Structure formats: C-alpha cells, structure tokens
Amino acid sequence: MKKPFLLLASLIIHCFTFGQIIPISVIQETTNPTGASDFEGQTLETQGIVTASAQDNDLGAVYIQQQFVDDWAGIKLVGSSQLADLERGQFVTIEGVVEENLGETQISVTSLEVLFDASIQTTFVDPALFANYSLEAEKYEGMLVSFNQIPELVLVTDSNPDNPNNFGEWSVGFDANPNNSCRVLTGRQTSDLTSSLWVSYINDSTWVDNSGTLQVEAIIINEESQFLQISGIISYSFSNFK
C-alpha cells in the first residue's frame with residue numbers, strides 16, 4: 001500500500017504547481033550555498049516588470065522584477081527572439097525553463113505576453129554587501145539596485161580590481177576601502193557576459209571598440225572619479241557580483 005500512496009502524494013504536489021504563476025521571489029529564494037534555484041530544470045510561468053532591455057540606451061540584456069518585493073525579486077530572461085522587442089516598464093507574463101549560467105539564475109523563455117505598463121521599483125543598498133559572496137547578497141541577484149548616500153558621494157575605489165588583467169570591471173563604494181566595494185562592469189558585451197554599450201564610463205580606452213563598440217562618447221574613470229548615484233542590475237558571473 002505504501003507505493004500507491006507515495007505516487008498519489010507526488011501527483012498532488014505536481015498538480016499544485018503546474019500551470020500556476022510562480023512568483024519570481026519563490027523561484028529565486030534559496031538556502032543552497034551556491035545560490036542555485038530550487039526550481040532549476042523546471043518549466044514554469046512567472047510575471048514581472050521589465051527593468052532592463054535589449055533596446056538602444058539600455059543594458060543589452062533583459063531582466064524582469066516582481067513588484068513590491070524587496071529581495072529575491074529579479075531574474076534574467078534569455079532564449080527567445082521576442083525578448084528583443086521588450087521595453088523597460090512593460091509588465092509581462094513569461095513561460096520557460098529555469099537555468100543556472102555561470103552562477104546566475106535565469107529563465108530560458110519559450111513564450112511571453114506583454115500585459116500593460118507599470119512602475120519600476122529601485123532598491124537602495126550598500127555596495128559593501130557585494131564585496132564577497134553570501135546568500136545575503138544573493139537576494140539581490142537580478143534586481144535593479146541603486147548605490148546612493150546623498151549628500152555624500154559614491155567613490156571609485158579601484159579602477160581595475162583584476163590588475164594586471166583587465167576585464168572592464170571597476171569598483172565603487174561608500175568609502176575608499178576596496179574591500180567594501182561592489183564591482184561595476186561597463187562597455188563590454190560577449191557571449192559570456194553583458195554590460196551596457198550605452199554608458200560613457202569605462203575603465204580603459206580598450207573597451208571603446210573591443211568586446212562590442214561603445215555607442216556613446218567614452219569617459220575613462222579612475223580612483224578620483226565620484227558619482228551622486230549609480231544604478232543598475234546586480235549580476236553574478238566569474239565568482240563576483242557586479
């Protein structure tokens with residue numbers, strides 16, 4: 001009698017989740033120390049507001065975010081030609097397969113529908129949170145965040161944290177200590193990573209026409225550079241948040 005009971009229990013659980021809209025925060029929230037989603041490999045349906053798009057003047061990658069949720073609320077979308085038409089602020093329903101790519105959770109989209117326009121929410125956080133990997137930092141993967149301590153400025157703490165290599169990344173923080181900083185990636189698009197080609201600030205003139213062509217006039221940052229605010233999508237790749 002035990003085997004039929006277990007089969008029935010499994011069937012009930014399956015029917016409970018199949019065909020329902022699963023919130024992004026449920027897909028993303030995990031206690032797995034690697035940050036991998038508990039839904040990896042599953043096909044499901046979810047909804048969110050487009051916070052980054054492949055349109056001109058944007059990131060070159062598509063992310064959506066769940067409304068009115070402060071953490072675990074953002075996710076990257078890949079895999080469908082329809083994604084190229086999405087614009088920031090559109091509220092969409094998508095279906096696809098949950099995947100992990102270079103440590104970042106994403107959904108390979110098989111179908112999508114644009115429903116209406118909605119307001120985009122930005123979450124304010126301390127860049128020091130992303131200096132090292134932790135599940136506390138993992139909460140913001142895929143989310144639109146802002147570094148802001150007005151009237152104080154956001155500082156460039158290291159113009160090339162990978163020196164003597166250079167991967168287009170630089171670090172910013174609320175103080176001058178590089179160990180309290182988050183990396184920023186700008187001016188590069190490759191098959192393995194994405195950053196905007198529509199932002200002026202890059203860490204070396206190499207990136208004007210390498211790994212994509214910069215679409216705006218370049219401004220080369222250094223450790224003297226300062227900003228009122230920096231906003232962008234938190235991503236994870238090659239062992240770093242950025």
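**Entry 1. Strands β9 and β10**

I began with β9 and β10, which run antiparallel and are joined by four bridges. I noted that this is a predicted model, in which local features need pLDDT of at least 70, side-chain atom pairs count only at pLDDT 80 or more, and totals for chains, interfaces and linings use all residues. Residues are numbered from 1 along each chain as its sequence is written, and side-chain values use heavy atoms, with hydrogens and water left out.

Strands here are DSSP runs of E with at least two residues, numbered from the N terminus. Two strands count as paired if DSSP finds at least two bridges between them. Across from E169 I found L185 in β10.

**Entry 2. The sheet around them**

I then traced the open sheet of four strands, whose order is β10-β9-β8-β13 with antiparallel pairing. I recorded β10 and β13 (226-227) as the edge strands, since each pairs on one side only. Between β8 and β9 I found three bridges, and these strands also run antiparallel. D158 has S171 in β9 as its bridge partner.

**Entry 3. The two faces of β10**

In a regular strand the side chains alternate between the two faces of the sheet. I looked up β10 with this in mind: C182 and V184 point one way, R183 and L185 point the other way, and all are buried. Buried means under 20% relative accessible area, exposed means over 50%, and partly exposed lies in between (1.4 Å probe, protein chains only).

**Entry 4. Charged residues**

Which residues are linked in a network of salt bridges? I found D162, E169, R183 and K242. A salt bridge is a side-chain nitrogen of Lys or Arg within 4 Å of a carboxyl oxygen of Asp or Glu. The structure holds five of them.

R183 forms one with D162, the closest N and O atoms being 2.8 Å apart. This pair links distant parts of the chain, as R183 is in strand β10 and D162 is in the loop between β8 and β9, 21 residues apart. R183 forms another with E169, again with the closest N and O atoms 2.8 Å apart. Here strand β10 is linked to strand β9 by residues 14 places apart.

K242 and E169 also meet through their side chains, at 2.7 Å from N to O. K242 lies in the segment after β16 (240-241) and E169 in strand β9, so the pair ties together parts that are 73 residues apart in sequence.

I checked burial as well: R183 has a relative accessible area of 16%, D162 has 17% and E169 has 5%. K242 is buried too.

**Entry 5. S181**

Where is S181? I located S181 in the loop between β9 and β10. S181 is buried, with a relative accessible area of 5%. Its side chain makes a polar contact with the side chain of T157 at 2.7 Å. A polar contact is a pair of N or O atoms within 3.5 Å; within protein, one must be able to donate a hydrogen and the other to accept it, and residues adjacent in sequence count only if both atoms are side-chain atoms. The S181 side chain also reaches the backbone oxygen of P178 at 3.2 Å.

Leaving aside neighbours within four places in sequence, I listed the contacts of S181 (heavy atoms within 4.5 Å). Among them are F130, T157, S171 and V172.
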